[in-house]
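Please look through the structure shown here and read the short report on it.

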Amino acid sequence: MYRFILRRTVQAGATFLALTAILFVWLRSLPGGPLDALLGENASPQDRAKLVESLGLDEPIWTQYVRYLGRFWNGDLGVSTGVWRGAPVTEVLLTRAPATVELALCALVIGTVLGVSVGYWAATRRGVFDFAFLSLSVLGLAVPVFFTAFVLKYVFAVRAGWLPPSGRADLQGVIPTPTGLTLFDSLLAGDGAALLESVRYLTLPTVALSIIPFAVIFRLTRASVAETLQQDFVRTATAKGLRNRTIAGRHVLRNSLLPVITVIGLQAGGLFAGAVLTETVFNYRGLGQSMALAFTTRDYAVLQALIMAVAVLYLFVNIVVDITNALCDPRVRMQ
Amino acid sequence: MTNPGTHTAPSPGGGKLLSVEDLSVTFTRPGAEPFTAVDRVSFDVAPGEVVGLVGESGCGKSVTSLAVMGLLPRRGTQVRGRAVFDGTDLLTLSDGALRDRRGADLAMIFQDPLSSLNPVVPLGTQVAEVIRRHRRTGRAQALRRAQEMLERVGIPDPGRRMREYPHQVSGGMRQRVLIATALACEPRLLIADEPTTALDVTIQAQILALLKELVVGSGTSLIMITHDLGVVAGLCDSVNVLYGGRIVERADRYDLFDGPRHPYTGGLLASVPRLDGGQRRLHSIPGSVADNIPWSQGCAFAPRCAAATGLCRRESPVWSGEAGHRLRCHHPLPAATAAPTTGPKEQAP
Amino acid sequence: MTSARGGDAPAAGARAVPAGRSSTRTLQRLLRQPAFVVGAVITCVFVVLAVAAPLLAPHDPGAPLLLDQVRAQANPVPGPQDGFPLGADPAGRDLLSRLLVGARQTLIVGVLATLGGLLGGAALGLLAGVFAGKTDTLVMRVVDVMLAIPSLLMAFSIAALFARPNEWTLIVAIAIVQIPVFARLMRGSMLVQRGTDHVLAARALGVRPSAVVFRHMVPNAMGPVIVQGTLSLAVSILDAAALSFLGLGNPDDASPEWGQMLGGAQQYFNSYPHLAIYPALCIIVVALGFTLAGESLRETLDPRTRR
């Protein structure tokens, strides 16, 4: 097991290295080259000269790459040239990360819990209910995420006025915010009003963002449960006279959720992309919105850091998924 | 639940443990003709008796057993008739009541031991869960009993095997685990659906010997479902031959092997290789099960039967023969000197 | 149904070479599925509209015909009127004509992006599948790295590489992102083919390796790849919309594309949602059509789900 984890981690490390190389090349292929990219087009000649020296642009490409890695290692991700002109990218990243982590986690948890339970229900019952959800989930996959977000915002915020149309609960100064996650902080402080406020702001973006993971996980769970129900061991379990609860939990779900776990990992990646769109619509200040801003302002220092951060998170999530899979499936463990 | 006692021999005419009466199973699918897989099948199982259900695949032998166990999907199947087990009709029991019986009073083992075991649950748990379900025992006690059972079915080092998973052990070992599971609560009836078909020949013999020892030795009744007459010969007290969803011949083991009366049974026996060298070529029954005609239009076996006449294609045969040896055929093979011409006869070399 | 009787059914499990009779049977099976019929009808209507758009469009989609009615404050979006059933956009251009012509642009973007991804991916997968060993490992490593960045995010990053985005940068970005999916599929498919009896037979008969690959393996291996292509068309169109929304699409809106129209309408959403809803509905319906058709194709052709 430990060897398995080690091997997966080493693999992820190799992928990460390859990624840094790609980003390094990416940064050098940007319009105007890295100088324009990192300083903006209107930088003074002095600034340019300074950057040439600090990046070692006059040195051989390999030395440059090693230096680039070194800076990454030290957490120096450069300086923003866009909206946060002059601010260290690391700072932008850290102040905005909690918002996105909170949103993505909420969407993933809701999508997974609903997807798995409704999927199981649909697979065991079939009929009208099953058909309705199947159609809805196919539809959910065909609607652009940002359009869903717009419609939700228009209906529930602009027209009905039930929920705030944009932004994020600002709890700074109201309660202590050790984590930056509004739900968690308000729970920690035991402040009902703050919790309600956080929920109100989070609801619409979460719903918009959770539709795709829900649709994907629902469909997979449904198909997977339907397949497992046909398996001989489920018949054996029934022949043993086991209670429905035991059959459902130990025999059906435990087997049907194995492929679902893998897909949850893949969905985590899609969530970051979805967050870019959703956060922009709701003007929700997280990493996604800053990435969208960075795209429009061509703030490449921020972009490369964000891409890197997302890739690292994604790799990490997938290691966790693989380990979970190995824990749940003895056949994987053996390989 | 107490041990049924010391019935070591079949007690014909005496108390019946299971009595299947006019059992019919029809599969109905929207947009397709209803298909009757089992057509008014009746047979009895006495305590301690081993009853064989024999026939080619598709003859309805598995469906019969699944219907008795209540394991057929409810949607799209129609089950009629009665299956009286120890005084109660299993087919009318509520889900919950049937669940209490399954695994405790009647148990079943299946053909493919690999797919019949849950791949992600340790073997020990899979044995122990049936004990916990039907006996008032704690976890530890159930696991102890499970280990005992594994030892009884001849699994070496059961303590270690308890923690292993199905893919880590051999096919024969898996079937032993399933047998241990089925027998863990000392059921009074075990249904074995082709338990050796998926196994290597050498393992088959071991598993059969094990079943003989554990089941027959303890007075548990056994319904043996198989297409393999060799299995029947070694194990069963009485045999029911099924064709096209109906029982076409019923006799006790010796009668059947010495003098099969139904042409189908004769063909089946003739297609078994014999060691005494009495035959040159193995017999094969022409055609396939797919050639069946429905019983309502005559004898289902007629299209494949050498002895078939116009009568066979018009009228489906009713029961005939004497009490111990019944059959459904218009043109049975002659009694006593049975066996078809191509078939084997005891010709001493 | 009638031909099924008596004819020998294709061996279950084998992905038979689509010969006359078996393809008729497949078609019959497909036509019995409402999902496929709906998907196919939507797809056909969409293609016809796209092809015939210039004939059907009542006006020039780029001409600001109603510009004189546009008032920045009072009336930024001229409403429906004679000859302009859906009204106009903020530049005074006929909305219906733009939607119709948009079908064509959307189809072009979707098809070219998918085709690019399919060909690139299939080529990589072919390399990996034919030359096993080191080539295989190398190709699959590259694919793994590409998969380490969530696909839409990678499309964003690639699109950002271009100083002046246009419809080609959009197509290239989406095509590259699709490569890994097709590469994996093609490789797996080739590996399956390599083990089949007809390939072994061809080899044993001494057929030239290149002929074995291109005449015996590739045609059969392409099946699942092409089915995935149908599904990817929907993804391409949705991705194009997302890129346009972020301003990474084609800024020149003389010949509109639905994603671009949708992206451009966002600033008017709260007052004039119809500007966004029309192109969005078009995208949804078409994406739905491709998805339904593609999934029923996959389910019908995939022997594992075949009943």
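## Helix α11 of chain A

N283(A) comes after α11(A) and has a positive phi, near 50°. In this report helices (H or I, at least four residues) and strands (E, at least two) are DSSP runs, numbered from the N terminus. The model is a predicted one, in which local features need pLDDT of at least 70 and side-chain atom pairs count only at pLDDT 80 or more, while totals for chains, interfaces and linings use all residues. Residues are numbered from 1 along each chain as its sequence is written, and chains are lettered from A and ligands numbered from 1 in the order in which they are written.

Helix α11 of chain A covers residues 244–281. Its end C-alpha atoms are only 45 Å apart, whereas a straight helix of 38 residues would span 56 Å at 1.5 Å a residue. That expected span is 1.5 Å times one less than the number of residues. α11(A) has a kink of about 45°, and the kink is centred on L253(A). The bend at a residue is the angle between axes fitted to the seven residues ending there and the seven starting there.

## Where chain A meets chain B

Two residues are in contact if their C-beta atoms, placed from the backbone, lie within 7 Å. Between these chains, 20 residues from chain A and 26 residues from chain B take part. On the chain A side, at least two residues each come from α10 (232–239), α11 and α14 (330–334). α10(A) provides the largest share of that side, six residues.

The side of chain A that touches chain B has five nonpolar, seven polar and eight charged residues. Here Ala, Val, Leu, Ile, Met, Phe, Trp, Tyr, Cys and Pro count as nonpolar, Asp, Glu, Lys and Arg as charged, and the others, Gly among them, as polar.

## Chain B and N118(B)

Chain B has eleven helices and twelve strands. Of its 349 residues, 46% are buried, that is, with 20 or more other C-beta atoms within 10 Å of their own; 12 or fewer makes a residue exposed, and anything in between partly exposed, with C-beta atoms placed from the backbone. Among contacts in chain B between residues at least 6 apart in sequence, those joining residues at least 24 apart make up 67%.

N118(B) sits in the loop between β6 (106–109) and α3 (123–134) of chain B. N118(B) is buried because 25 other C-beta atoms lie within 10 Å. Leaving aside neighbours within four places in sequence, N118(B) is in contact with F233(A), H251(A), N255(A) and Q126(B). H167(B) is 49 residues from N118(B) along the chain, and the C-alpha atoms of the two are separated by 9.8 Å.

## The two domains of chain A

Chain A is assigned domain 1 (2–73) and domain 2 (89–173 + 204–334); such bounds come from an automatic or database domain assignment. The C-alpha centres of these two domains lie 32 Å apart. In the contact between them, 13 residues of domain 1 meet 13 residues of domain 2.

On the domain 1 side, α1 (2–29) and α2 (33–39) of chain A give two or more residues. α1(A) gives the most, with ten residues. This side divides into ten nonpolar, two polar and one charged.

## Where chain C meets chain A

Here 34 residues of chain C are in contact with 33 residues of chain A. The elements of chain C that give two or more residues are α4 (134–147), α5 (151–160), α8 (209–245) and α10 (274–301). α10(C) has the largest share of the chain C side, eight residues. By class, that side has 28 nonpolar, five polar and one charged.
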